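Please keep the model open while reading.

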Amino acid sequence: MCSIQIKDLYAGKPDAKDEIETGNIKNFVDSFILPPNWEINRMLSSSCFFVTGYKGTGKTALLRYIEDAIKRKYPYSCCSFILFKEDFPEIKRRELAENSQRMFNSVSIDKELQAEGGDFQFIWRFFFLSKFLNDNEMSNGGLFDKDENLTLFKKKMSEIASLNEVKLKWFSTFKFSLFFPSTSIPATFGISSETVLQENEKKYHKIIELIEEADAIFSKLIRTKTPYYIFVDELEAYFADEQIFIRDLHLIRDLLFSIHKYNKIFQQQQSHTKIIGAVRQEIINAISQRIDPRELNKIITGFSQPLNWEYNNTNSFRHPIIQILLKRIMTTCNDKGLSCKTDREIYAEWFPNRIHDKEPAMYVLTNCWNKPRDIVRMLISAQNSIQKNASCFSQSVFDSFRKAYSTESLNEIKEELAALYSNQEIADIVSCFNGFKISFSFKEFQDRTQMLCPNSPIFRDLLSVLRNLFRIGVIGNISTMSHEHRWYHRGDIDLQITDDWNIYVHNALHSALSLTSKRDYQRSLKPSNGAIVKVKITKIFHSRVLASIDYQGHVYKGCVPITEISNSMVRKGFLNEVVSEGEIRQGRILRYNSQYDSYDVSLKI
């Protein structure tokens, strides 16, 4: 048995940025694993420049890993980060690694801004042009050739910066500030809801004109051989206030278009230069649903590498998500000076043969969403449990942190939902699931929502809500016949609302939502009218067919009335040519027949 205890394992942080800031860059890099479909060289050398994926799939971690890889290959390169976040409280970020030359810009957005469908692209264009210029200064002028175009570009940017208090007509009460540490070009745009005076109208047109001129000059600048990469991260928007939410979606949409614009310029220059942006899929969905996307999906699809951990070839320890867990154990062993073992040996040493009658890797995978953050959350939950001194992940260890892991998983689900729904709507959604059933039909959930929150918007658009919950991973499907599962994170495209498929709540959320198989068992003692069942023909008579009914794993007596079998052969008395004894068919509960203490069912012919 390994001498290392669970509390000693390198777990990391849920957010990669926090993990690196705490000084764990070495462990972070040593334990990092790329998903099967990903190649860093493709991102650096191809036309791709967006990293997309749902919350927790490792977008921030990937950007940090790419930056480290660039620094290792090109120590003289320039890498900087732009972190976008509403109400971001810090003017600049501290450096995350020694000798990294990284510079952090914060975008501080006044809460009073009320977007009215306007265009932020000119603001972002000035933002990026200023960033290119300031990164060049931070690199001692090493990014662009020192020629007359660079001199002219600096002059144009200074002209724009001199008009730092201009009342524009696009939006109301908007304060957008850019802070550049150790530079001489701060810029602030202030926008008021007051009547635009003629003088300010002229200043407005002057700024647009100068930005256009600066853009044209910038495209003529000659890049040096110094690799230059900008990473854009933390593109967040939360539906706490609808007006603020819509504003942030406009900001993010136009930021993404600006990234696309300047990457096209860099591609034409054929230089080692790229702006790489990481954006949550929920935000892209929200932009498509809430505002005019302006063909955003076209550029996201054409220039992105999706980040997902779908891997259907195996559910064993070879699965990349399980490899993340094993790699962290291996990293801890290396740090402790213990002999390095293979992943197979670590797996055999740290896990029992079965966990709740499942192979350990399968148990872990069915309790996560194929996201690296699931493993981090699982490790942290284990290290905070009463079993933290254990030297392996036994069944009792998993049982000890099941509730905490489930609660943290639900909290993250709520954060994902915040990009689509208000706080009250999220509370309504959780209430409808809380204490309900693990598996249910659409009609059952429709009745549930009508009973608990009939006036909520989620009830009026229930199918759309369920489809969003499917994409985020709250629910999947389970076959009423074979009990096969369907999940978005395993490559299934959309939620099935048919008689053949029930809705199923993800295993990891059962504890937090107070869902148990025992409660479902008690509720399923009597099949309800309309329920889809498995029917086995047991005896054929002239006027009826006897059957046994399998309903959610329980067997009941059944009868198929002759009137429910519509076929010309039946009318001619050849019932046994339509159905046969021992045959298994799918059917639907019609009613309880008290005369025969059985259930009348119809068959699907």
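H14 and H15 each supply at least two residues of the lining of the second largest cavity. This is a predicted model. The structure holds 2 cavities of 30 Å³ or more.

**Second largest cavity**

- The volume of the second largest cavity is about 40 Å³.
- Its lining consists of Trp369, Lys371, Asp374, Arg377, Ser409, Glu412, Ile413 and Glu416.
- H15 gives the largest share of that lining, with 4 residues.
- By class, the lining of the second largest cavity splits into 5 charged, 2 nonpolar and 1 polar.

**Largest cavity**

- The largest cavity has about 60 Å³ of volume.
- Helix H15 and helix H16 (423-433) are the elements that give two or more residues to the lining of the largest cavity.
- Here too H15 provides the largest share, 4 residues.
- Leu410, Ile413, Lys414 and Leu417 are among the residues that line the largest cavity.
- Ile429, Val430, Phe433, Val474 and Leu513 also belong to the lining of the largest cavity.
- The lining of the largest cavity counts 8 nonpolar residues, 1 charged residue and no polar ones.

**Second largest pocket**

- The second largest pocket holds about 900 Å³ of space.
- It is lined by 45 residues, and those closest to its centre are Pro14, Asp15, Ala16, Gly56 and Arg373.
- Six elements need naming: two or more lining residues of the second largest pocket come from each of helix H1 (16-21), helix H4 (59-73), strand S7 (273-280), H11, helix H14 (372-383) and helix H15 (395-417).
- H14 makes the largest contribution to the lining of the second largest pocket, 6 residues.
- The classes in the lining of the second largest pocket are 19 nonpolar, 18 charged and 8 polar residues.

**Helix H12**

- Helix H12 covers residues 343-350, and its buried residues are Asp343, Ile346, Tyr347, Glu349 and Trp350.
- Those buried residues line one face of H12, because they fall within an arc of 170° when seen down the helix axis.
- The buried residues of H12 pack against helix H11 (320-335) and helix H13 (360-366).

**Strand S13 and its partners**

- Strand S13 (residues 532-540) is joined to strand S14 (residues 544-551) by 6 bridges, and the two run antiparallel.
- S13 and S14 make a hairpin, with 3 residues between them.
- Lysine 539 has leucine 546 in S14 as its bridge partner.
- S13 is also joined to strand S16 (residues 584-593) by 5 bridges, again in an antiparallel arrangement.
- Opposite valine 533 stands glycine 587 in S16.

How values were computed:
Residues are numbered from 1 along each chain as its sequence is written. This is a predicted model: local features need pLDDT of at least 70, side-chain atom pairs count only at pLDDT 80 or more; totals for chains, interfaces and linings use all residues. Side-chain values use heavy atoms; hydrogens and water are left out. Two strands pair if DSSP finds at least two bridges between them. Buried means under 20% relative accessible area, exposed over 50%, partly exposed in between (1.4 Å probe, protein chains only). The arc is that of the directions from the helix axis to the C-beta atoms. Contact means heavy atoms within 4.5 Å. On a 1 Å grid over the protein atoms alone, a cavity is a set of points where a 1.4 Å probe fits but cannot get out, and a pocket is an open set with protein on both sides within 12 Å along at least five of seven lines; lining residues have an atom within 4 Å of a point. Grid points are joined across faces, edges and corners, and a volume is the space filled by probe spheres set on the points. Ala, Val, Leu, Ile, Met, Phe, Trp, Tyr, Cys and Pro count as nonpolar, Asp, Glu, Lys and Arg as charged, and the others, Gly among them, as polar.
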